[in-house]
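Here is a short report for a reader new to this protein. Look over the sequence and the model, then read on.

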Amino acid sequence: MSRTLTVYLAADLKKFSPQLRGAEQDLGRFGNAANRLGNTMSSMLGPAMIGAAAAAGYAAVKFGTDGVKAFVEDEAAAAKLATTMENVGLAHDTTNVESMIDALQRETGVADDQLRPAFGKLVGVLGETAGATDALKLAMDISAGTGTSLESVVQKLSRAYGGSAGSLGKLVPELDKAILKSGDMDAITAALASRFSGQAKTAAESYQGQLSRLSVGFSELQESFGAGFLGALGATESKTGDLMVAMHNLEPA
């Protein structure tokens, strides 16, 4: 029995040894392939990750510089509207108007850099805050419903409030001609509201409207960063100098 077992094992080993050597060779080839793949991935991803880091750094710097620029521009626009409000004797309403415009831009996705000049034009014609606010919201509905820019709609509405309603007929051909000829702005705005009410809200709820609202939110975040950055510098030159030194020291890194 032992001889039989010995012969059996010897025969089995003869089969096994070449297979083992083949397996070792296969494993070696697999290892080499894995190493080559690792080297390839490293060479590909290394520059990509460096590029991503550089892009992230650039994005951060751009966010900061754009934030300061956006804040400065926003302050200038707010000051311009405040002057208009003062000129028509409504300076006491400036803060409330700014709050209204901020809420409106976040609800509709129409940025304050469009809303401020629109409101300024309307309040300059109407001379009162509540009426100008209603006219602005109507203009936004008409703009969304017709696809016409808010600026263009406000120009036509302003002319209509000034006694020339004919341009509204071109903007909305379906508007009753008799109402237009009457020049009765209560009747004209009621007809416009009946036709376009809710259009700005509907536009804000669309996919594009949601993107616009997010864009407004991001812009406001940038402006807040700019305000904080400039506020941190303060009025003294020494803080600016300290910051310049700190940034210069960071350059090698």
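A residue counts as buried under 20% relative accessible area and as exposed over 50%, with partly exposed in between. Leu-230 has a relative accessible area of 30%, so Leu-230 is partly exposed. Keep these cut-offs in mind for the residues below.

**Overall build**

This is a predicted model. The protein has 11 helices and 0 strands. From the N terminus on, its elements run α-α-α-α-α-α-α-α-α-α-α. The protein has 253 residues, and 27% of them count as buried. Its accessible surface comes to about 16000 Å². Carbon and sulfur atoms hold 60% of that surface. Take the contacts with a separation of 6 or more: 59% of them join residues 24 or more positions apart.

| Residue | Helix | Relative accessible area |
|---|---|---|
| Asp-112 | α3 | 6% |
| Ser-158 | α5 | 8% |
| Leu-230 | α10 | 30% |

**The α3 and α5 pair**

Two packed helices are described by the angle between their axes and the distance between the axes. Helices α3 and α5 pack at an angle of about 5°, with their axes 10 Å apart. That angle makes α3 roughly parallel to α5. Residues of α3 that meet α5 include Leu-115, Ala-118, Lys-121, Leu-122 and Val-125. On the α5 side, Leu-150, Val-154, Leu-157 and Ser-158 are among them.

Ser-158 sits in α5, which covers residues 150-161. Is Ser-158 buried or exposed? Its relative accessible area is 8%, so Ser-158 is buried. Leaving out residues up to four places away in sequence, Ser-158 touches Lys-121, Leu-122 and Val-125.

**Asp-112 in α3**

Helix α3 covers residues 112-126, and Asp-112 is in it. Asp-112 is buried because its relative accessible area is 6%. Which residues does Asp-112 touch, not counting those up to four places away in sequence? They are Asp-74, Ile-101, Gln-105, Pro-117, Glu-220 and Glu-223. Glu-220 is 108 residues from Asp-112 in sequence. In space the two are 9.7 Å apart, C-alpha to C-alpha.

**A nonpolar patch**

Val-72, Phe-225, Phe-229 and Leu-230 make a nonpolar surface patch of about 310 Å².

Notes:
Residues numbered from 1 in each chain as written. Predicted model: local features only at pLDDT ≥ 70, side-chain atom pairs only at ≥ 80, totals over all residues. Heavy atoms only, no water. Helix = DSSP H or I, 4+ residues; strand = E, 2+ residues; numbered from the N terminus. Buried < 20%, exposed > 50% of the residue type's maximum accessible area, 1.4 Å probe, protein only. Contact = heavy atoms within 4.5 Å. Patch = residues over 30% accessible without salt bridge, like charges linked within 9 Å, V, L, I, M, F, W, Y side chains within 5 Å. Areas by Shrake-Rupley, 256 points an atom, 1.4 Å probe, with all protein chains shown as cover. Salt bridge = Lys/Arg side-chain N within 4 Å of Asp/Glu carboxyl O. Axes fitted to C-alpha atoms, helices over the stretch in contact; angles between N-to-C directions. Parallel < 35°, antiparallel > 145°, perpendicular 65-115°, else oblique.
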